[in-house]
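My notes follow, in the order I looked things up.

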Amino acid sequence: MSFTIIRQDITQMKVDAIVNAANTGLFMGGGVCGAIFNAAGPQKMQAACNALSPIRTGEAVITPGFKLPAKFVIHTAGPMYRRQESEQCARLLRSSYIESLNLALRKKCKSIAFPLISSGIYGYPADEALQIATAAIKDFLARNDMDVYLVIFDRKTFAVSEELLESVESYIDNHYADSHYISRRTFTDVEYEMLEEPKAEMLASASMMPSPALDNLIKKLDEPFNTALLRLIDSKGKTDVEVYKRANIDRKLFSKIRKGHGYMPGKRTILALAIALELSLDETDDLLERAGYALSHSQKFDVIIEFFIVNGKYDIYEINEILFKYDQPLLGS
């Protein structure tokens, strides 16, 4: 179970089903629709669609994928955008996503890829279309397990909330250091002098410093990562299912993390768990440290995550939208 925004040609997606932003007559069109028909084999696809047409706006039907890597194509008719009828448009657009997802579920699909429906020639503002798509997919995944992809062909057309984007950009401007950033904590003058010592001198100093016996150090190991994670889940009053769904990670991966047995997840997965648990910045730092990681102001990805935590914004889908906009890796699976 995961929701991923990806830049890709939807006709190349190796998923169980891809979604075609269709017209109500299910005729071969231009844009994404035309690309899907051409890749599937236009004559066979049109014949299959003719047997199912027409459909109403917000409805979805399914055909074979024919020559496509995907087994199925789900055809849904999104609304043409009319500002004076924005509420009805939003309801119909949401229906296109939910009807497509439910149809995929009935066909036992484990993965599905969507375009951003109605955001092309149908004129739906891209940022509003994205919000509706994300909300519909999020609600579906709260009750069902499926890998869902939102396929963006051109990153330049990907639009997020301007207000949020401006806030993130301001935070990055104030906190992002291109180089020579060490950590958020304040160093003393003596520590800075030590950091500036030549490497040879530092090694010599280290060799002369007395060190505790290895056995004593091992006995004083901090709480291991997976123990700390389980403690946090209990203290935050959350269930395992709630945590891995909110973290946008697969149940099997979460089970592997929970059991431990020497397995250590990557930094992005740990940050996804921190977001799911709504940890403070200090709590996030502590959890990362137990896995040998840290947040750094020399990494734009880290600064963006820090912005959301500091501002108490824990919607992983919203975070991933901003990460995608900045061409950064996403959180979760």
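Which residues is leucine 150 in contact with, leaving aside its neighbours within four places in sequence? I found Phe3, Thr4, Ile5, Ile6, Tyr97, Phe114, Pro115, Leu116 and Leu130, where contact means heavy atoms within 4.5 Å.

Before going on, I noted that this is a predicted model, where local features need pLDDT of at least 70 and side-chain atom pairs count only at pLDDT 80 or more, while totals for chains, interfaces and linings use all residues. Residues are numbered from 1 along each chain as its sequence is written, and side-chain values use heavy atoms, with hydrogens and water left out.

**Entry: leucine 150.** I placed leucine 150 in strand β6, residues 147-152 (helices, H or I with at least four residues, and strands, E with at least two, are DSSP runs numbered from the N terminus). Its relative accessibility is 0%, so leucine 150 counts as buried (under 20% relative accessible area, with a 1.4 Å probe and protein chains only). I also checked phenylalanine 3: it sits 147 residues from leucine 150 in sequence, but 7.7 Å away in space, C-alpha to C-alpha.

**Entry: the cores.** Next I looked up the largest nonpolar core, which has 84 residues (a set of buried Ala, Val, Leu, Ile, Met, Phe, Trp, Tyr and Cys residues joined through side-chain atoms within 4.5 Å). Tyr97, Ile112 and Leu331 have the most contacts inside it. Helix α4 (residues 126-141) gives the most to this core, eight residues. I then listed what tyrosine 97 touches beyond four places in sequence: Phe114, Pro115, Leu116, Ile117, Ala133, Ala136, Ile137 and Leu150. There is also a second, separate core of 20 residues, including Ala22 and Ala40.

**Entry: α1 and α2.** How do helix α1 (residues 31-40) and helix α2 (residues 42-50) pack? I read an angle of about 115° and axes 6 Å apart (axes are lines fitted to C-alpha atoms, for helices over the stretch in contact, and angles run from 0 to 180 degrees between N-to-C directions). That makes α1 roughly perpendicular to α2 (65 to 115 degrees). Phe37, Asn38 and Ala40 of α1 make the contact with Pro42, Met45, Gln46 and Cys49 of α2.

**Entry: α9 and α11.** I finished with helix α9 (residues 225-235) and helix α11 (residues 251-259), whose axes come within 8 Å and cross at roughly 110°. So α9 is roughly perpendicular to α11. On the α9 side I wrote down Phe225, Asn226, Leu229, Leu230 and Ile233, which meet Phe254, Ile257, Arg258 and Lys259 in α11.

Definitions and conventions: Parallel < 35°, antiparallel > 145°, perpendicular 65-115°, else oblique. Buried < 20%, exposed > 50% of the residue type's maximum accessible area, 1.4 Å probe, protein only.
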